[in-house]
Each structure stands twice: as C-alpha cells, then as structure tokens.
2 protein chains.
Amino acid sequence: MEWIESIKKVVGSEHVRTSSAHLLTYSYDATAGFQAMPDAVVSPGSTEDIRQIMEICRDHQVPLVPRGSGTNLAAGTAPTSGGVVLLFNRMNQILELDEDNLCIRVQPGVLTLDLCNFVEERGLFYPPDPSSMKISTIGGNVSENSGGLRGLKYGVTKDYVLGLTAVLPNGQVIKTGGKLAKDVAGYDLKALLVGAEGTLGVVTEILLKLIPKPEHQRTGIAYFQSLEESAATVSEIISERIIPATLEFMDRGTMDAVERFMNLGLPKDAEAMLLIEQDGEAGQVERDLAAMIDISVRNGAVITAVAETEEEAGQLKAGRRAALSALARKRPTTILEDATVPRSEIANMVRKIREIAERNQVEIHTFGHAGDGNLHPTCLTDIRNGEEMVRVERAFAEIFEAAIDLGGTITGEHGVGEMKSPYLQWKIGDEGIDLMKTIKQAIDPLNICNPGKMFAKANKPRVVVAHG
Amino acid sequence: MEWIESIKKVVGSEHVRTSSAHLLTYSYDATAGFQAMPDAVVSPGSTEDIRQIMEICRDHQVPLVPRGSGTNLAAGTAPTSGGVVLLFNRMNQILELDEDNLCIRVQPGVLTLDLCNFVEERGLFYPPDPSSMKISTIGGNVSENSGGLRGLKYGVTKDYVLGLTAVLPNGQVIKTGGKLAKDVAGYDLKALLVGAEGTLGVVTEILLKLIPKPEHQRTGIAYFQSLEESAATVSEIISERIIPATLEFMDRGTMDAVERFMNLGLPKDAEAMLLIEQDGEAGQVERDLAAMIDISVRNGAVITAVAETEEEAGQLKAGRRAALSALARKRPTTILEDATVPRSEIANMVRKIREIAERNQVEIHTFGHAGDGNLHPTCLTDIRNGEEMVRVERAFAEIFEAAIDLGGTITGEHGVGEMKSPYLQWKIGDEGIDLMKTIKQAIDPLNICNPGKMFAKANKPRVVVAHG
C-alpha cells in the first residue's frame with residue numbers, strides 16, 4: 001500500500017511492521033471479544049514523525065490507533081477499523097525532572113511504575129496508581145485519564161497533567177499548559193485531550209505535576225459479616241473527616257477465590273473486607289489508622305489487624321492485589337467492569353450486583369476502591385458459550401443501569417472504548433453525545449483518530465430492571 | 001424590541017430591566033477602559049428560563065453575557081457587543097450539602113465567601129479563595145476558573161468542580177459529571193466549560209467537591225533586603241518538600257503604599273516581604289512554619305515574626321490584604337495584571353517588571369502569590385492621559401512577553417476576556433487559537449455567547465524587548 005511506503009520514509013522501514021505475527025500481536029488489547037487486524041504497526045521516534053504520519057493517514061483516510069501497553073479493558077486500543085497501530089516503545093524517555101517547580105516532562109512510552117520509582121527515589125511522589133501500573137504507560141494513562149487505588153485522597157491522572165504536546169488531526173502540533181500552578185489563557189485544551197482515548201489527536205509529550213512524598217504510611221485490615229457493616233464503616237470514616245490514602249473492598253466471592261489461590265488464611269465467614277491505608281505525617285497517620293480501626297470495630301468488624309512492618313503490610317495487601325488473578329483462574333474468560341457510584345451507595349450497588357448476577361445466572365464477584373465508589377464487578381464466564389454471553393451482556397447492562405440509577409457512571413477509570421460506547425448515552429444523555437460529536441467532528445472531520453471508540457454506531461436501549 | 005418582549009414573557013417583565021440607569025450600571029465590570037451599554041439586564045429564575053432566553057437570543061442573534069458580581073479584571077463581563085446581561089441574583093441558593101459524598105450543589109449566584117462560611121461551619125472546606133471572594137459569585141469563579149491565595153497547596157476552581165448543568169448555544173441543557181471521584185464516561189465536558197468565560201454556554205448549576213477543614217493554621221512573616229533573598233527562600237521551602245497553604249509576596253513599592261495607607265510599622269528598608277501560612281495537623285503545621293522561618297533567616301531575612309494568636313495573624317495579614325486598596329489610592333486608574341511564571345522564575349520576573357516600568361516611565365508595583373508564581377504587577381496611572389496610556393499598554397505588552405519568555409503565561413487567574421485577547425496567541429500559538437476557534441465555531445456558530453471575549457479581532461504583534 002502506498003501509504004505504508006510513505007510512513008516507512010518517515011520513520012525508517014525497520015520501524016514499520018506488517019508481518020502477520022506483528023499484526024496479530026497488536027490486533028487486540030486486554031478486552032475479551034474485540035479483535036481486528038491492523039494494516040501496520042508503527043514505532044515513531046518523535047513528535048515530528050507523528051505529525052507526518054498523521055498527515056499521511058489523513059491523506060489516505062487511514063485509521064490511527066495510539067497504543068501504550070495494551071492494558072485497556074474497554075477495547076479502546078483494539079484496532080477495530082484496521083489502519084495504523086502507533087507504538088511508543090521508541091518514545092519512552094524521561095526528558096526533564098524540575099525539582100524547583102515540582103514537575104517532570106516525559107514521553108508517552110514511559111512506564112507508570114518506572115516514573116513513580118524515579119521520582120520517589122528523589123523524595124517526590126506521582127500519586128495516580130492504576131492497577132496495571134507495572135506495565136501501563138503514562139501515555140495510556142493520560143489518554144484514558146487513569147485512576148487507581150489512591151484516587152479518593154490524591155485524585156486521578158488529569159489532576160497531575162500540567163501540559164501536553166499533541167498532534168491534531170489537521171497535522172498541527174499544539175503545546176498546552178506549562179510549569180504553572182495557575183494558567184487560564186484560553187480553553188483548557190489539555191483537559192479535553194486527557195481521557196479523550198486518542199479520538200482527538202495523539203499526545204506526544206507530557207508534563208506532570210509532582211508532590212512531596214508522604215513521609216509515613218500504615219496499613220490495616222478489617223473483616224465484616226455483612227456488606228452493610230463495611231459500607232457503614234466507609235461512611236463513618238468520611239463523616240469523621242478522615243480521607244484515607246486507600247480504602248479497598250473485596251466481597252465474599254472474591255475472598256473465596258483469593259483464598260483458594262493463595263491460602264492466606266482469610267476468614268471463611270466474612271462477607272466483606274476493607275483494606276485501609278493512610279499516609280502523611282507520622283503522628284497523623286497513627287491517629288487516623290487507629291480511628292479507622294475503631295470505626296470498623298464499632299460497626300461490627302469481626303477481625304481487624306494493623307501491620308507493624310512493611311512485610312506485614314505486604315501480607316495484608318497481598319489478598320487485594322491478587323483479587324483479579326485469583327478470580328481469572330476460575331473460568332476461561334474474565335470481564336472486569338468498573339461501574340462507579342457515589343460513595344454513599346456502595347452497599348446498595350454491591351447488593352444490586354449480586355441480585356443481577358443471580359437473576360441472570362452468571363458468576364460475578366466484586367472488589368474495588370470503596371473510598372471513591374469505584375467498584376470492579378468481575379464476571380467469570382466463557383466467551384465461547386454464546387448462550388451464556390447473552391446473559392453476561394444483559395447482566396452488565398443491568399449493572400450499568402443500576403449504577404446510573406444510583407447517581408453513578410458506566411466507567412470510573414477504564415474508559416469507554418468500543419465496548420462501552422453503546423452505553424455512554426445512558427450516562428451523558430443525547431445532549432452530551434451531541435456535544436461530544438460536535439467537538440469530534442470539528443476537530444477530526446475525517447474520523448482518522450481511533451475511529452469507532454467512544455462513539456457508538458447505535459445506543460443500547462435502556463434495560464428495564466425489576467428493582468428489588 | 002421584539003426579543004425583549006419575548007424574554008419578558010419568559011421571566012416576567014419585573015425581571016427585565018431596560019432603564020438607562022440599569023443599563024449604565026451593567027455597562028462595565030472591574031476593568032478600566034471597557035464600557036458599552038447592553039440592551040437589557042435580565043434576571044432569570046431557573047435553568048429553563050435560561051434555556052428559553054438562549055433560544056430567543058439565538059433566533060434574534062442577540063449577544064448573551066453572563067455576569068456574576070462584575071469583579072472581572074479582563075473585561076470578561078463587560079457587554080462590549082451589547083445584548084443581554086444575564087444576572088444570577090435570583091439563582092443564588094445552596095441546593096444541597098451532601099456530607100456523605102463531601103460535595104455541595106449550588107446555583108451560580110451564591111457568593112464565594114457565603115459558600116466557604118457555610119461549609120466551614122460544618123467542618124468542611126472549599127479551598128479556592130480569589131481575593132474578590134467577599135463579593136464574587138461561584139458562577140463567576142467557575143466561568144473564570146478562579147485561583148486565589150491557596151492555589152499552590154489546594155489548586156484552583158477547576159479542581160473542585162465535580163459536575164455542571166449548562167445551557168448550550170443550541171438550546172440544549174447538558175448535565176455533566178456527578179458525585180463521583182472518578183468518571184471517565186466521555187470527554188471531560190465540564191473541564192471545557194470551566195474557564196470558558198461564558199463563550200460556550202451558560203452554567204446554571206454547580207456541584208463542588210469539598211474536603212475536611214484543616215484543624216490548625218499558623219501565620220508568619222519575613223522581610224528581606226533583596227528580591228533574590230525572598231525568591232531563594234521560596235525555592236528552598238519547596239526543595240525542602242514543604243507545600244505551604246499560602247506564600248504571598250509584596251515588593252517595596254507595594255509595602256510603601258501600604259505603610260502610607262495603614263501605618264502598620266512595616267520596615268522601611270525591606271525590598272520584599274513573604275507572608276507564610278501553613279494549615280493541617282497541628283504538629284506538622286508547627287514544624288513546617290518553624291522550618292520556613294528558619295529557611296527565611298538562612299536566606300537573609302532581616303525581620304521575621306510568627307503570630308501567636310488569631311488576632312496577631314490578622315495583623316500580619318492586614319498589609320497583604322490591603323495591598324490593592326493601598327496602591328489604588330495613589331492614582332486615578334489602577335490596572336491589576338496577573339502574568340504568571342514558573343515558581344523558580346519569580347525573582348527574574350519581578351526584576352524584569354521593574355526594568356520595564358522604568359524604561360516606559362510608568363509606575364508599577366508587584367505583589368502576588370509567590371508559591372505558585374502568580375504575580376500581580378499593578379500599574380498606577382490615569383486613563384484620561386492618552387500619552388501615558390500608550391506607555392502603560394507598551395509596558396504590559398513587554399510584561400506579557402517577559403512572562404512567556406520565562407515559561408509563563410499572560411494570565412494565571414484573571415482570565416483573557418476582551419482586554420487580553422490580543423495577547424492570547426503569544427501563549428498558545430496559532431495552533432492553539434485555531435483549535436479554540438474550531439471548538440467555539442462548532443458549539444456557538446452564531447457567536448451568541450459572550451462575543452468578543454477570548455477571541456481577538458487581531459493579535460498584537462510581539463514586542464521586541466531589549467533583554468537586560
């Protein structure tokens with residue numbers, strides 16, 4: 001194809017892969033059920049490379065799909081319309097650490113964990129910690145506005161993006177923001193690009209805000225015999241004006257799977273677990289953790305523990321960390337969702353998820369970030385079983401419906417991608433979809449940038465759920 | 001006019017003012033030199049009222065200028081194209097405080113200080129504190145993405161907006177966001193509306209994030225004999241990983257004006273003053289304040305003081321609070337700017353401002369938020385003196401140029417409005433302007449929403465400054 005030859009001239013033919021093996025490798029991401037072969041896999045070396053690639057793609061109306069490490073859970077990086085998969089393996093450098101202005105300038109291909117380790121060694125802290133951070137890239141985090149365990153206290157990726165360089169669909173390169181805590185010169189263009197999932201352009205350089213590293217951290221755990229007790233604990237912690245660094249939740253089904261997988265000795269009769277962490281000034285951390293354990297006990301926690309050493313903290317965290325791997329062992333296909341509700345509705349939401357799973361006869365267990373209402377109902381199924389998949393899809397539609405009924409959203413941190421695009425209208429309404437389309441069509445009139453993502457061919461009809 | 005009659009039918013004729021006295025009252029805002037008579041001043045009572053007003057304005061191509069308390073310093077709320085000035089005096093209610101989810105839902109006309117007091121009485125905290133907060137409205141703060149003294153530690157208005165209801169130019173009402181710490185369902189439309197200065201629609205309801213109120217606060221002050229010493233102190237505070245709640249700066253000219261105005265006994269030979277505050281956990285606050293005073297002394301502070309009581313803290317703060325009023329007494333016209341630079345460039349910027357003032361023979365003194373590099377060079381002049389105003393305008397152009405040369409921006413927290421629109425291209429480039437125009441034209445093709453703001457008829461040519 002002529003355009004592939006043009007791209008080879010830009011980046012060098014060694015950085016354009018078109019073998020079946022390569023195309024297959026990049027034909028999917030971490031989402032089950034979405035796969036399509038791209039036409040080429042390209043590794044640019046610079047913003048200028050990407051600018052030229054964008055112009056070639058535009059001239060030939062070839063889809064351009066930026067991809068970090070492919071950990072996307074909503075088919076946001078699956079090349080479902082073919083075209084170019086754009087990799088950042090050659091653009092993975094930390095360009096500048098500015099300790100005076102507490103910021104760091106990086107290329108999109110830097111791994112999240114590498115960035116975190118780099119700054120923590122210097123007494124600084126980059127808080128967003130998506131569960132995939134060991135392999136995810138900062139570029140992917142920015143495109144998806146990734147969250148993580150520390151979201152309640154520290155916010156999400158968008159709260160740390162000070163500036164972006166991006167290549168727009170018209171071939172222009174924009175530089176937004178700067179090393180500035182305050183900047184109101186024009187529309188917040190970087191906020192529009194963060195979380196746009198590559199549909200409005202390609203982010204090619206990122207300036208991130210850093211904060212001082214908290215000096216102290218403590219971890220505790222509490223097990224409850226009912227969902228209500230764990231949810232009441234979460235509410236009371238917040239109403240006591242404590243904002244913990246993390247407040248993680250697992251339900252009984254998740255704990256059972258973890259226990260079978262890891263033999264940690266988790267209590268067999270507990271219905272819910274809260275993993276509690278605080279960081280900051282030492283005295284405050286001690287007081288907060290003690291207060292949170294007290295609140296847990298007052299609300300009926302049957303077992304509580306506080307880690308005295310880092311090793312013990314690691315043991316307490318091991319179960320929560322293993323949740324997804326443990327669940328994934330049970331059935332051939334794992335579908336991890338992230339319906340999110342206001343914090344006050346967690347118990348209601350977990351109960352509704354259970355009812356929905358039972359009614360549809362599918363296996364769903366729930367864990368997630370209780371402090372910010374970001375739950376991960378996880379379905380264990382088999383994508384080869386068409387009849388079961390119909391029930392799975394219906395169950396998730398009902399879960400999205402329930403989340404929205406409770407004032408929540410269809411996705412807290414995973415993104416819309418192609419998978420959840422048919423449900424987006426449920427959250428943002430026809431007016432929101434219209435406004436998004438107006439923006440998309442104005443900026444990317446040829447629909448070159450990650451086509452098929454966010455914007456659905458057709459919205460799903462709202463499901464009618466018998467409310468219990 | 002027919003359209004005025006139509007609007008009267010929507011809101012009731014008692015809420016549509018067209019007398020000369022009313023039109024004159026709303027013909028300007030807090031910006032010198034921008035005045036034009038609107039055709040009507042309208043006080044809607046609801047989102048639905050505003051939706052109908054928007055449709056009438058669109059059908060008759062009448063400009064619609066939303067206005068809070070008119071404290072805008074960049075002519076952002078001056079009705080320079082005539083049309084409707086939209087007031088929020090009837091939409092000034094706190095609608096809901098949700099303590100479980102730490103958020104508050106308000107109408108745009110609520111005064112910032114009223115909101116702050118309301119939540120602080122309940123142990124909660126809304127940090128953005130623009131200097132005009134006693135009279136500014138939350139709606140104005142959202143439209144301008146207002147900053148304040150606590151910006152470095154706590155961020156600015158956009159960091160607290162969880163959701164918005166807005167009427168778009170096409171007459172649609174959108175509801176974005178929710179009581180959610182995490183939500184990535186679609187483009188961040190609320191981030192686009194925050195700081196859009198009313199050019200993309202009218203915000204009609206606001207959901208704001210709250211945080212627990214810091215339990216303790218301490219105030220200190222330090223005077224220096226050179227700019228460099230004060231700037232080195234700011235740098236060292238940050239490099240010691242301390243993030244103070246406020247870190248305010250005044251130069252000698254500002255202190256002189258304050259002293260003449262208030263007789264506070266400020267030292268006569270000091271070149272710079274830093275007002276230092278920390279809040280949070282009591283022990284940490286004491287340690288941070290002591291450390292910051294130590295750093296000040298090490299860097300040459302000739303006088304330092306720490307307030308032992310709230311009354312003493314009030315005395316230390318009195319000078320900084322009076323800065324603008326004190327300066328404003330000196331000459332008939334006060335022009336308050338807010339060029340902003342990376343924190344590490346504060347001393348360079350203050351020095352450049354001095355050189356520029358001297359070269360252009362105008363009187364400019366500087367105070368501002370040292371912690372976040374947000375400076376307020378304030379020009380004392382007389383708008384009736386055309387010859388002097390030419391020099392004033394040239395001086396400010398050179399100041400914007402200098403800020404951008406140092407990696408800064410033309411406005412940190414005041415907005416672009418009409419006054420600074422000719423300079424916006426300097427910061428965001430032709431590419432940024434093009435992208436903003438693409439968005440504006442797509443959303444507001446008839447240019448009904450606050451026309452003439454942000455988008456300049458012509459860009460100013462860059463000034464060539466002899467760099468010292």
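Trainee: At what angle do the axes of helix H13 (residues 346-359) and helix H14 (residues 386-405) of chain B cross?
Mentor: This is a predicted model, in which local features need pLDDT of at least 70 and side-chain atom pairs pLDDT 80 or more, while totals for chains, interfaces and linings use all residues, and side-chain values use heavy atoms, without hydrogens or water. Residues are numbered from 1 along each chain as its sequence is written, with chains lettered from A and ligands numbered from 1 in the order written. Both helices are DSSP runs (H or I, at least four residues; strands are E, at least two), numbered from the N terminus, and axes are lines fitted to C-alpha atoms, for helices over the stretch in contact, with angles from 0 to 180 degrees between N-to-C directions. The axes of H13(B) and H14(B) come within 10 Å, and they cross at roughly 155°.

Trainee: Are H13(B) and H14(B) roughly parallel or roughly antiparallel?
Mentor: Angles under 35 degrees count as roughly parallel, over 145 as roughly antiparallel, 65 to 115 as roughly perpendicular and the rest as oblique. With a crossing at roughly 155°, H13(B) and H14(B) are therefore roughly antiparallel.

Trainee: How many charged residues does the contact of H13(B) with H14(B) have?
Mentor: Contact means heavy atoms within 4.5 Å, and among the residues that make this one are B:Met349 and B:Lys352 of H13(B) and B:Glu398 and B:Ile399 of H14(B). Ala, Val, Leu, Ile, Met, Phe, Trp, Tyr, Cys and Pro count as nonpolar, Asp, Glu, Lys and Arg as charged, and the others, Gly among them, as polar. By class, the contact has 7 nonpolar residues, no polar ones, and charged residues numbering 3.

Trainee: What word describes how H8(A) and H10(A) lie to each other?
Mentor: Helix H8 (residues 227-239) and helix H10 (residues 282-298) of chain A have axes 9 Å apart and pack at an angle of about 140°. In this packing A:Thr233, A:Glu236 and A:Ile237 of H8(A) meet A:Met292, A:Ile295, A:Ser296 and A:Arg298 of H10(A). The two helices are therefore oblique.

Trainee: Which residues of chain B lose the most area to chain A?
Mentor: In chain B, 78 residues are in contact with 78 residues of chain A, and the two chains bury about 6,200 Å² between them, 61% of it on carbon and sulfur atoms. Buried area is the accessible area (1.4 Å probe) that two parts lose on being put together, summed over both. Together making up 16% of what the chain B side buries, the residues that lose the most are B:Lys182, B:Tyr187 and B:Arg241.
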